[in-house]
Amino acid sequence: SGPVPFYGAHQAGITTPAQDRLHFVALDVTTEKKAELVELLQEWTAAAARMTQGKEAGTFGAVGGDPEAPPDDTGEALGLPPSGLTLTIGFGPSLFDKRFGLVDRRPPSLADLPAFPGDALIPEISGGDICLQACAHDPQVAVHAIRNLVRIGFGKVSVRYSQLGFGRTSSTSRAQATPRNLMGFKDGTANLKLEDTEMLREHLWAAPGDGPAWMDGGTYLVTRKIRMHIETWDRAPLSEQEAIFGRDKGVGAPLTGRDEFDEPDLAKTGPDGKPVIADDSHVRLAHPSLHGGARILRRGYNYVDGSDGLGRLDAGLFFMAYQRDPRKQFVPIQQALAAKDSLNEYIKHVSSGIFACPPGLADAGDYWGHSLF
Ligand code: HEM
């Protein structure tokens, strides 16, 4: 499939209709020189502009350069189409420490996430100074892009952790069918979508006056690796599974409706006088009406990292959500979920990240982070 434009008011890979595959990496900056970091961001931008258009990472490519030097592209995407590749960058809170003189540039919305009840976070796979999200319809194309960006960053950044994902768990456009997560439920039904221009302005993009001007037109990404206790889930009765989400498993309709896109009726009670969509159901607790209208753009992926040595799949959801201000969106929603979501019995949050994703780039003279440095 064809290329996604790299330049624009906002970064690609956010409202871009979610591609099938993910390769996400979080990096720590190892150089102490600001000039080297800026130079790297410029090199990365040039390589990203090329790769998203289906070209090789460097100008000589995998086989066109000096035979005595390492090639400036690793070669495994030779002959493959652009596959809808998008590359999206974000800056983590730790980049704004004393090293690069950015302390005053840190947006208040990039506040460290609070600890949530039930968190089982592993520090080695959480945080990071910089994140890069590669999404594409072909896993080889996504992996090639991240591999080459990491190669270019050798000596200036080191990989903190990375995550492969498949089977997008959200639709971000009304033109897309809603996919399913590994619990077998349609995921992304009530998501913010590309077509919701007015709501995107209100809930997704940072606007002038929100924080530092360098983030105007940007957005904030929260990542959570959420392990699923799949084997336990698979032994839960269908009626319990549906009660947990407050939706029907086949069609994805709210338990108070018939069609997938029917609005959940949170006030409706059954013959026993109890709410049809239970008080501890996921959809009720995450619903905008409980959070002053707050919405997020979910763009997560399923993952299976093999098995865990105890005969269980090491699998779950690599949750990713974009929003204008996590303090008013992700945080209160997750506080409500962590407190009483009946889904909690079947999941465990094992990694966490928050990143400020700057606005899009105007043209080839611009580079990732230009507005920040
Ligand atoms: C809705 C699954 C974690 C926020 C849903 C739905 C499913 C689902 C099946 C209903 C369909 C839909 O509207 O997309 C899961 C699973 C999770 C998880 C399996 C963990 C493994 C989270 C987290 C958050 C979140 C961590 C945010 C803190 C939401 C929101 C909705 C939703 C905002 C839409 C609610 C509405 O407006 O009806 N989720 N979710 N979810 N989820 Fe999750």
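## Helix H7 and its packing

The buried residues of H7 pack against strand S5 (219-228), H6, strand S8 (313-323) and strand S9 (347-357), where contact means heavy atoms within 4.5 Å and where helices (H or I, at least four residues) and strands (E, at least two) are DSSP runs, numbered from the N terminus. Helix H7 covers residues 330-340, and its buried residues are Phe330, Val331, Ile333, Gln334, Ala336, Leu337 and Ala338; buried means under 20% relative accessible area, exposed over 50%, and partly exposed in between, with a 1.4 Å probe and protein chains only.

## Basis of the model

This is a predicted model, in which local features need pLDDT of at least 70 and side-chain atom pairs count only at pLDDT 80 or more, while totals for chains, interfaces and linings use all residues. Residues are numbered from 1 along each chain as its sequence is written, and side-chain values use heavy atoms, with hydrogens and water left out.

## The chain as a whole

The chain contains seven helices and nine strands. Its radius of gyration is 21 Å, close to the 21 Å that the globule rule gives for 373 residues, so the chain is as compact as a globular protein of that length; the radius is taken over C-alpha atoms, and the rule is 2.2 Å times the number of residues to the power 0.38. Along its principal axes, the C-alpha trace spans about 75 × 45 × 40 Å.

Of the 373 residues in the chain, 53% are buried, and among contacts between residues at least 6 apart in sequence, 75% join residues at least 24 apart. The chain exposes about 15,800 Å², of which carbon and sulfur atoms supply 55%, the areas coming from the Shrake-Rupley method with a 1.4 Å probe. The chain carries 38 positive and 47 negative charges, whose mean positions are 3 Å apart; Lys and Arg count as positive and Asp and Glu as negative, with His and the chain ends not counted, and the place of a charge is taken as NZ of Lys, CZ of Arg, CG of Asp or CD of Glu.

## The iron site

The iron atom of the ligand has a single donor from the protein, His282, whose NE2 atom is 2.1 Å away. Donors are N, O and S atoms within 2.8 Å of the metal (3.2 Å for Na, K and Ca), and water is not among the atoms, so sites may look incomplete. His282 belongs to helix H6, which covers residues 282-286, and H6 is also one of the elements against which the buried residues of H7 pack.

## Buried positions

Ile14 and Thr16 can be read together. Ile14 is found in the segment before strand S1 (21-29), and Thr16 also has its place in the segment before S1. Ile14 is buried, with a relative accessible area of 1%, and Thr16 is buried as well, at 13%. Leaving aside neighbours within four places in sequence, Ile14 is in contact with Thr88, Thr172, Leu204, Trp205, Thr219, Leu297, Arg299 and Tyr322, whereas Thr16, with residues up to four places away not counted, touches Val4, Thr86, Thr172 and Arg299.

Ser351 lies in strand S9 and counts as buried at 1% relative accessibility. Residues up to four places away in sequence apart, Ser351 touches Leu121, Ile125, Ser126, Thr223, Arg224, Lys225 and Phe318. Ser83 is found in the loop between helix H1 (34-52) and strand S2 (86-91), where it is buried with a relative accessible area of 4%; the phi angle of Ser83 is near 55 degrees, a positive value in a residue other than glycine.

## Partly exposed positions

Arg50 is placed in helix H1 and is partly exposed, with a relative accessible area of 24%. Not counting residues up to four places away in sequence, Arg50 touches Lys55, Glu56, Ala57, Gly58 and Thr59, and its C-alpha atom is 8.9 Å from that of Phe6, which is 44 residues away in sequence.

Ser158 lies in strand S4, residues 157-168, and counts as partly exposed at 32% relative accessibility. With residues up to four places away in sequence again not counted, Ser158 touches Ala26, Leu27, Asp28 and Thr30. The C-alpha atoms of Ser158 and Met228, which are 70 residues apart along the chain, are separated by 29 Å.
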